[in-house]
Amino acid sequence: MKLFSHILILLAGIIAAGCSKSDSFKVSGTIEGIGSCRVELLYCVDGSYVRLGTTANDGKFTLQGTASTPAVAFLSVSGGAPLVQLIVRNGDDIQCEINPDKPFEVKLKGSKANELYANFLNSNSTVLSSADPMLINAAVKVFVEDNRKSMAATVAVITQFRAADNEIATDSLLGIISADARPASLIANYHDILVGQLATESREAVSSMTLIGRNDSIVRYTPFRHSATLMAFTGDDKASRDSILPKLRSLRNDYADKRLAVLEVNTSPDSTTWKHVTEKDSATWSQVWKPGTVAAPPFRRLSVARVPFFIVVDSVGNQQHRGSSISAAERFVREKIVKQ
C-alpha cells in the first residue's frame, strides 16, 4: 500500500509539473502618454514573423503570444519605432514600465535576462542616446564580456551593437557568449545579415578588371599599378553622392595616382542614368560602370552590402578596409597610406 501511495504522489508531482509549464507568454505594462493607442509586439518564431496587437487603456496593455523557444520581441506603439526589445518564451510573464521620452530608462520584470538587459539600458542611457557608434559599441562590449552566460548579452549585441562596418567585431562578440545564452532561435535572421560580409569569398583579393569609363572609354584597372586603391560604390541618389564627392576630390588632390587610385563604381541600372547622374561632377578620378553593376562578375564576389560602400585594397588586391562610411574610408587611407 505504501508503494502504491508513493507512486500516486510521484505521478501527481509529474502531472503538476507538466501543468505548470505554460504554452504561452504574457507581456503587460504601462506606456506613459499613449492613451488608447494601439500597442504591437513583433517577434520571429520558427522562421516566421508574428505580430500581436491590442488597444491600450490609459496606457495600460496586455499581450499574449506563443514562443516555444526564446525569441527577441520588439514592442512599439501604432507601428512606430520599437520602444524596447524583450526576450519572450512560453511561461514568461513580463511586466514593463516605459516612458517613450526616455526609452533607455525602461523597467522590466518577469525574467532575469530581461531585468539584466533593462539594467544595461538604464546604466548606459546617456551613451545609447548619443547615437555615437564607437561609444555604444564599447558599452555593449563591456556588458557582453561581463555577462557571457546570459541571453541579455545576445540581445544587447543584436539590438544595440552597430554592426554596419563592424561585421567581424560583431561576429567575434557573439562568439564569446555561451552557446546556451545565444540559441539559434534568439538570433534568427540576424546571423544571415552577417554571413555575406563574413564569407571568405567576400574577402578575396581584388583582381584586374576591364570596365566602361566616361565617354564610353575602356578603363583597365590593375591593383599593382598603385600602392592602394579606394573603390567607391555609389548610386544615383543626388544627396548621397553630394556628401561623397568632396571626400573623393580631396583624396585625389592629395595623393598621386601611383600612391592611390580612386575608382568610383556607379550602380545605376543603366549607362544612360549613370551618365546623367555624373555629368556635372568634374571628377578627377576614374568613374566607371558595368552592366549588372555589383552583380557583374568582377564585383559579385565582393559582396557589396549596400550603397554607398567603400573598399580599400593594397597593391596586390588584398582588401584592407570595408564599410559604408566615406569618412571612415578617408581616415583609413590617410592613416595607412603615405603620400610620397
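View 1. In strand E13 (residues 286–289), Trp-289 is the bridge partner of Ile-212. The model shown is predicted: local features require pLDDT of at least 70 and side-chain atom pairs pLDDT 80 or more, whereas totals for chains, interfaces and linings use all residues. Residues are numbered from 1 along each chain as its sequence is written, and side-chain values use heavy atoms, with hydrogens and water left out. Helices (H or I, at least four residues) and strands (E, at least two) are DSSP runs, numbered from the N terminus. Two strands are said to pair if DSSP finds at least two bridges between them. E9 (residues 209–213) and E13 run antiparallel and are joined by 2 bridges. E9 is also joined to strand E10 (residues 218–221), again antiparallel, by 4 bridges; here Met-209 stands opposite Tyr-221. The hairpin of E9 and E10 has 4 residues between the strands, and in it Asn-215 takes a positive phi near 60 degrees. The covered face of E9 consists of Met-209, Leu-211 and Gly-213, while Thr-210 and Ile-212 form the uncovered one.

**View 2. Strand E5 between its pairing partners.** Of the 7 residues of strand E5 (residues 71–77), 6 are buried, so this strand is largely enclosed by the rest of the structure. Buried means under 20% relative accessible area, exposed over 50%, and partly exposed in between (1.4 Å probe, protein chains only). E5 runs antiparallel to E2, with 5 bridges joining them, and Ala-73 of E5 stands opposite Tyr-43. With strand E6 (residues 84–88), E5 pairs in the antiparallel sense over 5 bridges; Leu-75 has Val-84 of E6 as its bridge partner.

**View 3. Aromatic pairs.** The whole structure holds 3 aromatic pairs. Rings of Phe, Tyr and Trp (its six-membered ring) pair if their centres lie within 6.5 Å; planes under 30 degrees apart count as stacked, over 60 as edge-to-face and the rest as tilted. Phe-25 and Tyr-43 form an edge-to-face pair, 5.5 Å centre to centre with 75 degrees between the planes. Phe-25 belongs to strand E1 (residues 25–31) and Tyr-43 to strand E2 (residues 38–45), so the pair ties together parts that are 18 residues apart in sequence. Both of these residues, Phe-25 and Tyr-43, are buried. A tilted pair is formed by Phe-120 and Phe-143, at 4.6 Å centre to centre and 35 degrees between the planes. This pair links helix H2 (residues 112–123), which holds Phe-120, to helix H4 (residues 133–146), which holds Phe-143, across 23 residues. Phe-120 and Phe-143 are buried, and together with Tyr-117 they form one aromatic cluster.

**View 4. Helix H11 and its cover.** Helix H11 (residues 326–336) has as its buried residues Ile-326, Ala-328, Ala-329, Glu-330, Phe-332 and Val-333. Their cover includes strands E11 (228–234), E12 (260–266), E14 (309–314) and E15 (319–323), as well as helix H8 (238–254); a contact means heavy atoms within 4.5 Å. At the N-terminal end, Ser-325 caps H11 through a side-chain oxygen that lies 3.3 Å from the backbone nitrogen of Ser-327. A polar contact is a pair of N or O atoms within 3.5 Å; within protein, one must be able to donate a hydrogen and the other to accept it, and residues adjacent in sequence count only if both atoms are side-chain atoms.
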